[in-house]
Amino acid sequence: MLERVALHQTRFRIPGITPDARGVVLGTRGLVLFASLDRLATFLAAYSAGHGLATLAPTFRIHVLRSPLNVSEIALSFDAHSSDRMDSIADAAKLAGGLLFTGTARHFVEYRSAAAPFGWDAADLAAEPAALVLYHSTFEQPYAVEREVDVRRFVLRLEPRPDPAPRRGPARLLLAEPGVGPALLRTLVRSSVDARVAVLDFPMSSDVAPEPDRKWLFEVPELPERMRLFRSSLPGIASFVPIAPRAAVEEGFSHPLTLESFPFFGADAPLVLFWGRRTPLEIAPGFSFTDVRALVRITVGNERPRTATPAPVPEPLRATLRLVSSGRANGRPTAAFIPTSELSLLRQLAYVLDRTTLTTTRIFFASDGAYLVAERPLTSIPLGRWFEGCAPSIFVPFGMDLVPRVSPGMLANALGAEANSVTFFFPEGRVVSLDRARTVTLDAALVEGVSWASVPGRDFDVEVPLWPSVRLEPLGLRPLSRAREKASS
Amino acid sequence: MNANATLVASVVERVVTPLVVGGPLRPVKPIGEARALDASVERDAVATAELDVARADSARRLAPVNGLAPLGRSEWLLACALNDLLQVHNASLDDGAAARLLSLADRTLSHAGPPSTALDALVRFATFRRLPELVRDDTDVISAASTRTFRGGVPPRRLVVMPELRGVRVATRRVPLGRFADDHDGKGPWLQVLGRLLAATPLVDLLSAARAAPRFVWSGAAVAMIAVAPARSLMLRAARGASDVGATLEALRSAAENVPGPVKSELILPFIDDVATLSA
């Protein structure tokens, strides 16, 4: 018989249980009782899918119990830690058909439920000298421990199941037979696929086997889609999908447990390759991968390297820049030089120029005239001499071209032009370079200075909204003479 | 201009515009239910830029609108009802006429009904936002023999001429809307009709919920407003825009006591909680 634990109860018959901060009675250990191993696997699958097992799994112990009626049952025990952890384990245990108990040594009592929010305590302790006694609200049972099952071994014994939609990450581990390993290595190198390889020797599969079972293991961080053939069942090559730092499952299968939750498959653990229908391969840590490019066959030639002698330095090849007629009919005059004599015409023309021309044209005043540089063709300013750009910031007379046609960067270097300069080539052989920073927009140059008069400010009062105030005026004789009800229809 | 258009122009100029913009509000002669309904077709004839701008300004306190449609039928009827409601206290009316005019105002009000959409409520708010701010300057002419009160009017010159010689004292006091009927026999019915007028403009009703009289009640229009998401947003903004949010919350909670269970628990109390949370 069990008794409900009351809030603030401090004395219990089950040894080793105490109330935690929330008042829930807990022992140092929790225990889930399952009828069979497949229920235990279901529990682990359900719990590992939603919770990390980094701290819990190292405390797992699996025992096969035997009752006085010779019935075998499975017990999974672990550190209880807190009622929060126990509550989440209780949820998963319910899904798997397990019963959750808590206790410290031999006596385990049913964990709290809706019927007893603070847990249970036994009315009397069992007198039998059993290895384990479980107290449940529906039974009280002594058990003998038949044997212990290694948790990691148990997890490795779980077989992957076919998965029609397996995980499709790009990383793969390719396990190749010795006959195809070198060919696969050359293929990966030839295809410029980053990969590392290790050659592993497995214990002989039978006593009559002549030598250890050797495999080539390729680690491919990103297997290209064009090489998806390797993911399928290519004879001699098996593809594994990494699902934990040290665990991978054969392509087309998935493991029933969420293996990345288990610490057995952490970075320092042995690498486990889960076959779909075979015993897992366990590879002890210590082997090292090598870049596949380092293993490509290298040919050693017989000829000595030839030594080159410096050739005589030729005379510098220089040519004078010349302006020639370009013969183009579709040039764009985006710059102009207007001599001083025509500047008055520009002033008059400014009154009819559109705003875009005024704001996008920059002007530089020099002693001999004004230089205009625009983003658009300057056809609206038919004054002076037009220029067109043969390179960025280098202008030649409209209809002419600069030969030899060297690249703009080379031309700028040859001229020693500053980065922020604009260069004009004149047909008479004169070259003028302007500092772009000293140009101004045409509209700024045209507007004459205006003296501004300051207007003194004045204080103003905050406007106060007028109050709506009712004023009633005399209504005269018969004030309601026109106020009537609506005639009823 | 026909008689109806003249009436609309007068009401807009003398009642609606001062109500929205501010200034002296001079009600026109009693309109009555029949004329208010007849003239409702002429309401578009008069619209002033000043009124339009002031209404849009009022509406923008609750919603980002560029402008509002001209005065609608329901606003016109509410304005007529307000005109008649204010004229009830005109000294030119005896008790019987005042009671009849109050009845006519109530009947006019019934034709306006509650707002049918959130926009309708916003438009009414734009026009009647300052209704609770209405005041009336009453003048008391006090002599040794008697005291005469002129409600919203100027006493005849013969009564106030040479006050010192005749021993007469003139005192002016500003009376808020809720106390217009304090010294009137039909105070209760008048406040009831005023309450119905406020209930027809639920956003104004909520904005002035902390008023002394008539006490705020959760009308059907107000409950309908807080039951629909867009209208509820407007109601929340109106409640938060009240000058004294604490008193407004108290009035809302007090009024909720008289509301049946589901409406109170599912609509009103969550709304009051939201107002309190947003105003904290």
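What share of the 489 residues in chain A is buried? In this predicted model, buried residues make up 28% of that chain. Chain A is built from eight helices and 32 strands. Look at its contacts between residues at least 6 apart in sequence, and you'll find that 67% join residues at least 24 apart.

Now for the place where the two chains meet. Here 19 residues of chain A are in contact with 37 residues of chain B.

| Element of chain B | Residues |
|---|---|
| α1 | 3–21 |
| β1 | 23–25 |
| α2 | 32–39 |
| α4 | 73–87 |
| α5 | 95–112 |
| β2 | 135–142 |

By class, that side of chain B has 17 nonpolar, nine polar and 11 charged residues.

The chains also share some strand pairing. Strand β32 of chain A, residues 468–470, pairs with β2(B) in the parallel sense, over two bridges.

Moving on to chain B itself, have a look at two of its helices. Helix α6 (residues 118–128) packs against helix α12 (residues 229–240) with the axes 9 Å apart and an angle of about 25 degrees between them. Angles under 35 degrees count as roughly parallel, so α6(B) is roughly parallel to α12(B). Where they touch, α6(B) brings A118(B), A121(B) and L122(B), while α12(B) brings P230(B), A231(B) and L234(B). This contact has six nonpolar residues, with no polar and no charged ones.

Technical notes
Residues are numbered from 1 along each chain as its sequence is written. Chains are lettered from A and ligands numbered from 1 in the order in which they are written. This is a predicted model: local features need pLDDT of at least 70, side-chain atom pairs count only at pLDDT 80 or more; totals for chains, interfaces and linings use all residues. Two residues are in contact if their C-beta atoms, placed from the backbone, lie within 7 Å. Helices (H or I, at least four residues) and strands (E, at least two) are DSSP runs, numbered from the N terminus. Ala, Val, Leu, Ile, Met, Phe, Trp, Tyr, Cys and Pro count as nonpolar, Asp, Glu, Lys and Arg as charged, and the others, Gly among them, as polar. Two strands pair if DSSP finds at least two bridges between them. A residue is buried if 20 or more other C-beta atoms lie within 10 Å of its own, exposed if 12 or fewer, and partly exposed in between; C-beta atoms are placed from the backbone. Axes are lines fitted to C-alpha atoms, for helices over the stretch in contact, and angles run from 0 to 180 degrees between N-to-C directions. Angles under 35 degrees count as roughly parallel, over 145 as roughly antiparallel, 65 to 115 as roughly perpendicular and the rest as oblique.
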